Amino acid sequence: FPRRCAISTKQIAIAVQETIKPHGVAVIMEATQVHMCMAMCDVQKPGSITVTSCMLDCFRTQQKTREEFLILIKI
């Protein structure tokens, strides 16, 4: 089994979806390696930045909605 270091963006997106039932959910997480936990998860160097994302419903199916969101957060 791979080692699990933290909760995933998909788990967060699903929790939001199930809790407040919006038309769509977009989750983007950025993390900087601070300790050995991320090294065990195959992030190689201290100070490395990892970005993960999960898009559900309208953010996944509607390109214009997804693009607007990404522009607003400047990704």
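Which residues does threonine 9 touch, not counting residues up to four places away in sequence? The answer is Val27, Met29, Thr52, Ser53 and Cys54, where contact means heavy atoms within 4.5 Å.

## Basis of the report

This is a predicted model, in which local features need pLDDT of at least 70 and side-chain atom pairs count only at pLDDT 80 or more, while totals for chains, interfaces and linings use all residues. Residues are numbered from 1 along each chain as its sequence is written, and side-chain values use heavy atoms, with hydrogens and water left out.

## Overall architecture

The chain contains 4 helices and 2 strands, which follow one another along the sequence in the pattern α-β-α-β-α-α. Helices (H or I, at least four residues) and strands (E, at least two) are DSSP runs, numbered from the N terminus.

Of the 75 residues of the chain, 21% count as buried. Buried means under 20% relative accessible area, exposed over 50%, and partly exposed in between (1.4 Å probe, protein chains only). The chain exposes about 6000 Å², of which carbon and sulfur atoms supply 59%; accessible areas come from the Shrake-Rupley method with a 1.4 Å probe, and for residues only the protein chains shown count as cover. Among the contacts in the chain with a separation of 6 or more, 46% are accounted for by residues 24 or more positions apart.

## The nonpolar core and its surroundings

The largest nonpolar core has 5 residues, namely Ala13, Val25, Val27, Cys54 and Leu56. Strand 1 (24-32) and strand 2 (49-57) are the elements that give two or more residues to this core. A nonpolar core is a set of buried Ala, Val, Leu, Ile, Met, Phe, Trp, Tyr and Cys residues joined through side-chain atoms within 4.5 Å.

Valine 27, a member of this core, touches Thr9, Ile12, Ala13, Thr52, Ser53 and Cys54 when residues up to four places away in sequence are not counted. Threonine 9 has its place in helix 1 (residues 9-20) and counts as buried, at 7% relative accessibility. Cysteine 54 is buried with a relative accessible area of 7%, and cysteine 58 is buried with a relative accessible area of 16%. The structure holds 0 disulfides, a disulfide being a pair of cysteine sulfur atoms within 2.5 Å.

## Glutamine 17 in helix 1

Glutamine 17 lies in helix 1 and is buried, with a relative accessible area of 18%. Its side chain reaches the backbone oxygen of proline 22 at 3.4 Å. Leaving aside neighbours within four places in sequence, glutamine 17 is in contact with Pro22, Gly24, Val25, Leu56 and Asp57.

## The aromatic pair

A search of the whole structure finds 1 aromatic pair. Phenylalanine 59 and phenylalanine 69 form this pair, which is edge-to-face, with 5.4 Å centre to centre and 65° between the planes. Rings of Phe, Tyr and Trp (its six-membered ring) pair if their centres lie within 6.5 Å; planes under 30 degrees apart count as stacked, over 60 as edge-to-face and the rest as tilted.

Phenylalanine 59 lies in helix 3 (residues 58-61) and phenylalanine 69 in helix 4 (residues 63-72), so the pair ties together parts that are 10 residues apart in sequence. Phenylalanine 59 counts as buried at 16% relative accessibility, and phenylalanine 69 counts as buried at 19%.

## Threonine 65 in helix 4

Threonine 65 lies in helix 4 and is partly exposed, with a relative accessible area of 22%. Leaving aside neighbours within four places in sequence, threonine 65 is in contact with Cys58 and Phe59. A polar contact of 3.0 Å joins the side chains of threonine 65 and glutamine 62. A polar contact is a pair of N or O atoms within 3.5 Å; within protein, one must be able to donate a hydrogen and the other to accept it, and residues adjacent in sequence count only if both atoms are side-chain atoms.

The C-alpha atoms of threonine 65 and glycine 24 are separated by 9.6 Å, and these residues are 41 residues apart along the chain.

## Positive phi angles

Most residues other than glycine have a negative phi. Lysine 21, in the loop between helix 1 and strand 1, has a positive phi near 50° and is exposed, with a relative accessible area of 64%. Aspartate 57, found in strand 2, has a positive phi of about 55° although it is not a glycine. Aspartate 57 is partly exposed, with a relative accessible area of 37%.
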